[in-house]
Amino acid sequence: MSSIDNKSEFKTTLFSSPKTRREAMKSLSTGMTVAALSGCVSIRKPKQIIKTYTHESTTTVPGLPNYYATSAVINNRVNSLLATTYEGRPTKLDGHPDYPENNGRSSAHIQAEIQQLYDPDRLKTHTLNGDYANVLTIKNVLGNISLDDSTLLVLPNHHSMVIESLLKSVKKSHVFIVDPLMNGNQNNAIYHFTGQRGFLHYNFKKTKFILNFESDFLGLESENIASLQSYMTHQSDIMHVSVSSHLSMTDSKADRIINQSPSHQREFIKALAHRVITQYGTEIDKAILKTINVDTTMVDTNQLNPLVDSLLSHKSAAIVMVGAAFESVYHALALAINTVLKNNGSTVHIKPYSDSSATIQPFNDTIDAIRTVFQTNRIKTVISFGVDLPRFMPNFSDVVGNALIINVCNYRNALSAFSAIHIAGTHFLEEWGLLKSDHNHICIQQPVIEPLYPDVLSHADVLTALVGSSFTVYQQVQTLLKSYNQSFDQLKSKGFIVGKSLASLRINKAPIAFSASETIRNDLTLTVSPSYYMLDGRYANNAWLHETPDPITKLTWGNAFIINTDFAKKNHLVTGDVVTIDVADARLKGPVIILPGQNRATISINYGYGAIYQTTFSGYGISTDGLDPYGHYPIQSVSKTNEHVTLADTQMNHGLDEESLAASGIKDRIKNILHIKTIAELDHAHHDDHHIHSLFKEQVYTGEHQWGMSIDLNACIGCHTCAVACQAENNIPIVGKDEVIKGREMSWIRIDRYFIENDHNDVTINYMPVACVHCENAPCEQVCPVNATVHDDEGLNVMTYNRCIGTRYCANNCPYKVRRFNFFDWHQKNPQSVEKKRIHLFDYFREPSAPTQKQFNPEVTIRMRGVMEKCTYCIQRISHAKLQKKLHGTPIDGLQTACQQSCPTNAIVFGDINQKNHPLQAARSSKRRYDLLQNELNTKPRTVYLAKIKRSVWKETPHEHH
Amino acid sequence: MNTINEQIHRVPLVLGDKSFKDVTDAIARPAEAKAPKWWVVGVLFSASVACILFAMIGYLIWDGVGVWGLNNPVGWGFAIVNFVFWVGIGHAGTLISAILFLFKQKWRTSINRFAEAMTIFAVICAGIFPGIHVGRIWLAYYLFPIPNSMAMWPNFKSALLWDVFAVSTYFTVSLLFWYVGLIPDLATFRDRAKTRVKRLAYGFFALGWSGSSRQWINYEKAYLILAAIATPLVLSVHSIVSFDFATSNLPGWHTTIFPPYFVAGAIFSGFAMVLTLLIIARKIFNLEDLVTIRHLENMNKFILATGTMVGYAYAMEFFMAWYSGNQYEAFAFVNRAFGPYAWAYWIMISCNVISPQFFWFRSLRTSIPVMFIISIFVNIGMWFERFVITVTSLHRDFLPSSWDYYTPTWVDIMTFVGSFGLFFSLFLLFLKFLPIISIAEVKGVMAIADPHHYESHTKKGGQL
């Protein structure tokens, strides 16, 4: 070694240090020539200022994330959350692993909240009569508002403890909680029986039979994320019959779907109540039947009888559920049936709301009450905390008169036209607070980032200024906590305090008689339910959620009227035809989509679209303003217009409506794709493996870990949480409506939806998440001409973005079609992008807006246009886990992919397939396991699927499922 | 074959009692006379269309592959279709010049130059498309095995890489073959040149050809060797192009019949294109005596034969789809014929299988209008064949959830149209500045080239 010590490592070149003057001149002149030739060198040099730490932070290690507990009200459920932050920037939100209402799991909305935070369209400053107003001015205005009965406060939910305590000082004013997503009819029914406001809690552990009338209890109407997990755990013991007029996510888990129009369902519920209560109920129970008349011509006893039998044979182990769109009387009947059958107290629990002080009323009643307040009082000031009143109150200008309207909001909305003052609100990741869940858990809401815009105020800040409190919200949180005997610091790190479950309410009186018992014979009903992703429209500017396909229709960027095939044929409609639909309160106009499983006397529409905000992404879809978020409306007329639009669906519905060729093609292969089996078939499985041998020498995998995944199709409810989580984790861009129509969506994991039917009235909906399955014999690798996609020794099929030139051959040859190509620079094409500051001569580009740039996960490359991308099994997390193991000996077990971590039903398991006792082992050796397209192509996928189980509800199986 | 045989009266290859000088004059005239008006208009028009091509390529590079209509299941569309279409057209040239040369089919001499030129220009047009269809054009050089410090090589298992080699080899050999054949004629042009510029230009490319016996001996050897090298390429290049599809696992692509089927299709389309151009050129330049009806009829026979082979391949694909019992394969083909792209399939069938069948009749085979119309049909049909293979297989593969429909954009269409502009620009330049028929070779097959010609001079036209 010593002999070469003095030599330079590289051979002397023109650029190595010159030895003589002559050589020095030579290299100088060469340098000058090169510099002159390249020309742009001097222009390209970016002038940017890098700020360094003068005193290094002890808590922040560059490159390593910090996790903070916070919480939020999302879809009206309080969720304790864990925020992942890099150098002070939150980049991802997940459920808090210990929080009993989500167990670390999340929903698509939780995942998409990070997009809400960094949305560049957010209001950044306050305005007073259209002009900029600073915080002091605003606080002065707020401080001068008299808190008497001339002031009206409208709040979006009842969970904030800080707001609850502040509201004690505004008792004289009118305070309303306007919550369009609340299950108001159920709430009313409970009130009628118990005299208290509350909600239903289902105990699936004891449940053996569910008879469900359109309650989306695994979707929008779910109690919380934990209830989904509980259902999945006990699913194998539960027989689930769903009566529905339009398919929902919940129906994907039903063992039997009975297709009935809402009118027929009403009579069915009444007939069921009559049969059960007259036979088994007490005199008090029977009181409810007094005003109930059944039109027996609308009830099919062949369907009713076995259901009654099943209910009776599962006494105290069954649940009858009724969807939120049904009037209170039907909820009351269901409650009465559950009580008579002793389900109440066993499988069904009536829980009171945790904050009894709040005046929680159903949405419709609240709107009526607000109207009354305006009529009976001279309202001078209205302060709306993000509640967009004009959307819910037609003729709002007449109602409101010339009251001063203060609009606390994050975006300009319908109320903005009436508001003199706009107060720019915070995102929950920027504010302090304390939330109490419906199950009495207390969650700390701590900011994980300084407000992006210095002026913004939280709802609690505004209320504090309004009541003139001298305490900051931060101090108020501390004060409130004192009564809980919990150290503030501890709570900040733990995130929540587990509350004592409130005692269930008891039914101690016969309900007040209901009037709405007349038979409604609608030839055609419009059913309205909130959009799975827009909800009531609150996420109308969230591009991630806009581009998340609806689980039922697979539509992105808008909604459509879902119609039945026969109805379409009769009216000469095809998917995309624009119709106008008249109901009592409104006339709606928009395109139709023909969908299997839709009742022929029912047209369905999702609520929450249209121009909700005055922002970039709002304005897609059919506006449903004037209708209830949950509702059934008799349709007066449907008329076809001459217009036709192309819908942005991510999965064509080939044919199950029009094209018989495609339909038969799908029918033939569906059993090879989904492998749906009965338990008997599983137990007597005949192995029809072909034992295919590869012509190639197969790759040998020698790595220490061998990564694999399993996806349980029995557990998947099609909620797309995994897809949004993946988008947040892997910096997946959105492409916009036109590009989705072209078929260029980028999502790395897609949820395939398959309808299986034997006639148009008996259709099941089945989900199958598909991401890159990491084939051991990967077809994509063979064909890439530049070796840009290859295998590593741990079984990962990896993409080398730098090497990819974008021939798209790999995508063509991928039988799973999971590869996604960057047809454009999607970040530049995003309408929220901004012109890039020109650094060099040819710099005519756009880039993500400044806040959006903060949102990206720094661990994942942002792909440029022209390269192929796909699921990596979250390789950045794998590397991180391996590094942690190497450095600190941390076991690798904690490793989760983003989709797995977010999945509310634990359908996805990821890990080392060689590791003993890993849950993956159980999945891989399960009878239900199958490898997608393995028999066809010998791809040896590392992602395996667990087949969905088909069960017959009745022994005679009158309807054969395919 | 075409050896002297007193017993067999062969049809003369060159009509009219022409002397060597007549032939030279006739072929050199376009290059020496003032450019006719139609030519100027034609060049300006096709050059403007070619400009559209370059504008479209510029737009593509500036904005991204998304300006085309491609989507997730359909990763290849017009670009690949056009590539295979142009490469296919390029086939006739080499076939006529190399294979027919080796088989001593002397009738080829009047059309080989023309066909070879067409090959070169078609391959130029073809070569553009794989280059521009990639997502990151500026890195397309990764396709070549360039030694680098990271020891990164292309993937030699990929058919797309074989394609790069096959097409570039084919282009190089075709160009050489064409150029070597041109040398004696360039020397003729040089010798006849009236201006200094022309003399220098033709002289430069004539490589000092003097027509000595030694040069002729070397020339003939070189030409024979190049013909021998080019011959396997005729078969290999389109076989390899077909591997792009055949080595994948997509139903509708994954087919062993592809190599012969593609070669037959390529010859089919190549001959049709030569025919289209030749019919026009022989009319304009009054070359009816050199390019006779017999030439055209022979080409029509080729079209009939290869067209029928292609038809057989279509039928065989269907048979195999059924016989294999593979449901995905079966669906792919039924979907071709009756699915959303059925219109393209039936255009293909009627143009490629039905229209050449008219050539069974001698009267139709020798009718200029009929053969012109059929040649156009075949050109259209063969473009659609590639469209059907590429797009219909991709748009509905294994998992129905990914099925989608591909619609080309205006950029797709204008790029394709623009490639015709480039092709015709080059072709018109060729017509004006180069000998469009091989002077030296045609002279060799003329009646007066026969040493025994004068013995039987009384017979009109002589015999061969």
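Modeller: Chain A is divided into domain 1 (2–38), domain 2 (66–118), domain 3 (127–181 + 360–497), domain 4 (204–352), domain 5 (525–644) and domain 6 (660–683 + 700–950); such bounds come from an automatic or database domain assignment. This is a predicted model, in which local features need pLDDT of at least 70 and side-chain atom pairs count only at pLDDT 80 or more, while totals for chains, interfaces and linings use all residues. Residues are numbered from 1 along each chain as its sequence is written, and chains are lettered from A in the order in which they are written.

Biologist: How do you know that domain 2 of chain A is in contact with domain 5 of chain A?

Modeller: Two residues are in contact if their C-beta atoms, placed from the backbone, lie within 7 Å. By that test, 6 residues of domain 2 of chain A meet 8 residues of domain 5 of chain A. The domain 2 side of this contact has 2 nonpolar, 4 polar and no charged residues. Ala, Val, Leu, Ile, Met, Phe, Trp, Tyr, Cys and Pro count as nonpolar, Asp, Glu, Lys and Arg as charged, and the others, Gly among them, as polar. Between the centres of the two domains, taken over C-alpha atoms, lie 30 Å.

Biologist: What makes strand E2 of chain A a partner of E3(A)?

Modeller: Strands are DSSP runs of E, at least two residues long, and helices are runs of H or I, at least four, numbered from the N terminus. Two strands pair if DSSP finds at least two bridges between them. Strand E2 (residues 77–86) of chain A has 6 bridges to E3(A), so the pair meets the definition.

Biologist: Why are E1 and E3 of chain A called edge strands?

Modeller: The open antiparallel sheet has the order E1-E2-E3. Strand E1 (66–74) and strand E3 (89–95) of chain A each pair on one side only.

Biologist: What makes the set of 386 residues a nonpolar core?

Modeller: A nonpolar core is a set of buried Ala, Val, Leu, Ile, Met, Phe, Trp, Tyr and Cys residues joined through C-beta atoms within 7 Å. Buried requires 20 or more other C-beta atoms within 10 Å of a residue's own; exposed means 12 or fewer, and partly exposed lies in between. The largest such core has 386 residues, and A:Leu333 and B:Phe268 are among those with the most contacts inside it. Helix H3 (residues 78–102) of chain B contributes the largest share, 16 residues.
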